[in-house]
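Below is a set of questions and answers on how the labels given to parts of one structure follow from its computed values.

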Amino acid sequence: MIRDPRDDAEPMALVRRYVTPGRRYLKLGGSLLHMPSPASGRFVRDLREDAGLITPSGIAKLLEGSWRERRTAAWLVAVSRRTEFREDLGRLLLAGEVCCVGVAYSVALASFGTARDADLLAAYLDRYLRRPDLGYDQTVVMGALQFIGLSLGGGQADRFREPGGLWQQWLQNAPPVRDASDPTLPQVSLVRGLCAFVDECAEAR
């Protein structure tokens with residue numbers, strides 16, 4: 001269930017403290033890879049500080065909010081290495097309740113980088129590659145799964161990418177990518193770059 005933070009004073013305080021300063025929620029994505037100095041240094045410093053300060057209950061409340069709150073919460077989880085939220089992120093990714101958050105969930109899971117994270121990403125693909133009518137986060141999730149596979153050396157994405165498999169079928173039928181070349185290469189690069197940013201923040205902590 002999506003909660004409107006305006007319905008409760010505590011979630012609104014969390015939004016004002018962690019989500020909206022400097023329009024942080026808009027910057028948590030691919031634009032991080034092109035943020036100039038010294039703005040990038042300040043952003044890293046502030047993000048890592050807040051990742052350490054926010055409480056688990058605060059993160060849980062943000063994960064009940066809109067895409068802005070959820071995106072910010074997923075990044076705070078990633079930077080603070082709070083793997084206890086792994087299953088929550090996987091569940092929210094699979095539910096697909098709100099837009100504009102799939103990259104954040106995928107990057108957080110990819111930054112954890114375990115076989116369980118790969119399983120959660122694969123569960124998403126098992127569901128949504130069968131839905132070419134839903135152009136959700138299939139490409140970035142596939143990129144995140146391939147990124148984990150490169151780290152673990154296990155080829156976690158292979159069963160989707162076999163000839164005639166779900167990935168090929170989706171590429172052929174999904175309107176945004178129909179007849180296009182395989183779009184995962186830039187997505188793997190995106191996930192790699194954003195995970196490197198997560199690592200930079202986490203190491204600085």
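**Helix 6 and its surroundings**

The buried residues of helix 6 are R86, L89, G90, L92 and L93. Seen down the axis of helix 6, these buried residues fall within an arc of 165°, so they line one face of the helix. The model is a predicted one.

Q: What covers the buried residues of helix 6?
A: The cover includes helix 5, helix 7, helix 8 (115-128) and helix 9 (138-152).

Q: Which residues meet where helix 6 faces helix 7?
A: From helix 6, R86, L89, G90, L92 and L93 take part. They meet G102, Y105, S106, A108, L109 and F112 in helix 7.

Q: At what angle do helix 6 and helix 7 pack, and how far apart are their axes?
A: The angle is about 145°, and the axes are 10 Å apart. The crossing of helix 6 and helix 7 is left-handed.

Q: What makes D88 and R91 a salt bridge?
A: Their closest N and O atoms are 3.3 Å apart, and the cut-off is within 4 Å, so the pair counts as a salt bridge. D88 and R91 both lie in helix 6, three residues apart, which is about one turn of the helix.

Q: Why is D88 called partly exposed?
A: Its relative accessible area is 25%. Buried means under 20% and exposed means over 50%, so a value in between is called partly exposed.

Q: Which residue just after helix 6 takes a positive phi?
A: G96 does, with a phi of about 60°.

**Salt bridges between separate parts of the chain**

Q: How many salt bridges does a search of the whole structure find?
A: The search finds 11.

Q: How do you know that D50 and R17 form a salt bridge?
A: The closest N and O atoms of D50 and R17 are 2.9 Å apart. The limit is 4 Å, so the pair qualifies. This pair links distant parts of the chain: D50 belongs to helix 3 (residues 39-53) and R17 to helix 1 (residues 9-19), 33 residues apart.

Q: Are D50 and R17 buried or exposed, or partly exposed?
A: D50 has a relative accessible area of 5%, which is under 20%, so D50 is buried. R17 has 34% and is therefore partly exposed.

Q: Which residues are linked with D50 in a network of salt bridges?
A: R17 and R24 are linked with D50 in that network.

Q: What makes E97 and R70 a salt bridge, and what does the pair tie together?
A: The closest N and O atoms of E97 and R70 are 2.9 Å apart, so the pair meets the cut-off of 4 Å. E97 lies in the loop between helix 6 (86-95) and helix 7 (102-112), while R70 lies in helix 5 (residues 67-79), so the pair ties together parts that are 27 residues apart in sequence.

Q: What is R82 in contact with, leaving aside its neighbours within four places in sequence?
A: R82 is in contact with A51, G52, I54, T55, P56, I59, V77 and F112.

Q: Why is R23 called exposed?
A: R23 has a relative accessibility of 51%. The label needs a value over 50%, so R23 counts as exposed. R23 is in the loop between helix 1 and helix 2, and has a positive phi of about 55° although it is not a glycine.

Q: Why is R81 called partly exposed?
A: The relative accessible area of R81 is 34%, so R81 is partly exposed. R81 lies in the loop between helix 5 and helix 6. Its phi is near 55°, a positive value in a residue other than glycine.

Q: What makes P11 buried?
A: P11 has a relative accessible area of 15%, which is under 20%, so P11 is buried. P11 is found in helix 1.

Definitions and conventions: Residues numbered from 1 in each chain as written. Predicted model: local features only at pLDDT ≥ 70, side-chain atom pairs only at ≥ 80, totals over all residues. Heavy atoms only, no water. Salt bridge = Lys/Arg side-chain N within 4 Å of Asp/Glu carboxyl O. Helix = DSSP H or I, 4+ residues; strand = E, 2+ residues; numbered from the N terminus. Buried < 20%, exposed > 50% of the residue type's maximum accessible area, 1.4 Å probe, protein only. Arc of directions from axis to C-beta. Contact = heavy atoms within 4.5 Å. Axes fitted to C-alpha atoms, helices over the stretch in contact; angles between N-to-C directions. Left-handed = near helix turned anticlockwise from the far one by under 90°.
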